[in-house]
Amino acid sequence: MKLQEMIGLAVFDVEDGKQIGKIHDFILTADWTIKGIELEGKSLFSSHVKTIDWEDIVAYGEDAVMIRNQQAVRKTEADDIHYTYLLGGSKLKDLSVLTEEGLMLGHVTDVYFEQELGNKVKGIEISEGFVSDLIEGRKWLPCTNGMSIGENAIMVPPLSEQRLEKAIHSVNG
């Protein structure tokens, strides 16, 4: 499953059957784990965002994310969020992906995680640009030890370009 496909999904409280919001973004850690989700609706004058820890999600599917009850929704200081997927100063989307030898593999377009395995990131989808996406399709790089999230780029081990695979859902098919 890809994070981009879950942005905008409704979040429901199982106890009351009430929709409590929509997914605005994902919160990630430096060790490639999804820590939680951020709900839309941050107030203009607040440094808090509404978040739900991954452990408080009881189920998720193509149409909605289910949490046990509204107590799972927390107010989190925006400064306490280290990495996000889509928005903010420390977002993964659009980050450059560079090997330690200085070879540019492209930019992050999406993040994959294995639904059955929970919240561990499985890999990243990389684009070399629109024309390349149309001709070759996007590439997918499985997560391995040695991949790290930096301020301006994701650093990957030497020879990572040899581990690139064709993306599961590429632009042209």
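Trainee: In which strand is Ser96 found?

Mentor: The model is predicted, with local features taken at pLDDT of at least 70, side-chain atom pairs at 80 or more, and totals for chains, interfaces and linings from all residues. Numbering starts from 1 along each chain as its sequence is written, and side-chain values use heavy atoms, without hydrogens or water. Strands are DSSP runs of E, at least two residues long, and helices are runs of H or I, at least four, numbered from the N terminus. Residues 96-99 form the strand that holds Ser96, namely β9.

Trainee: Is Ser96 buried or exposed?

Mentor: The relative accessible area of Ser96 is 15%. Buried means under 20%, exposed over 50%, and partly exposed in between (1.4 Å probe, protein chains only). Ser96 is therefore classed as buried.

Trainee: Which residues does Ser96 touch?

Mentor: Residues up to four places away in sequence are not counted for Ser96. Contact here means heavy atoms within 4.5 Å. The residues that Ser96 touches are Met104, Gly106, His107, Asn152, Ala153 and Ile154.

Trainee: How many salt bridges does the structure hold?

Mentor: A salt bridge is a side-chain nitrogen of Lys or Arg within 4 Å of a carboxyl oxygen of Asp or Glu. One of them pairs Arg74 with Asp56, and others pair Lys91 with Asp94 and Arg138 with Glu125. The number of salt bridges in the structure is eight.

Trainee: How many residues apart in sequence are the parts that Arg74 and Asp56 tie together?

Mentor: The side chains of Arg74 and Asp56 meet with N and O at 2.7 Å. Arg74 is partly exposed at 34% relative accessible area, and Asp56 is partly exposed at 22%. Because Arg74 lies in strand β7 (residues 73-77) and Asp56 in the loop between β4 (48-53) and β5 (57-60), the parts tied together are separated in sequence by 18 residues.

Trainee: How far apart are the closest N and O atoms of Lys91 and Asp94?

Mentor: Lys91 is partly exposed, with a relative accessible area of 28%. Asp94 also counts as partly exposed, at 45%. In their salt bridge, the closest N and O atoms are separated by 3.6 Å.

Trainee: Which residues do salt bridges that share partners join into one network with Glu125?

Mentor: Arg138 and Glu125 meet in a salt bridge of 3.4 Å, N to O. This pair links distant parts of the chain, with Arg138 in the loop between α2 (130-136) and β12 (139-142) and Glu125 in strand β11 (residues 121-127). Arg138 is partly exposed at 23% relative accessible area, whereas Glu125 is buried at 1%. Through shared partners, the network joins Glu125 with Lys2, Asp133 and Arg138.
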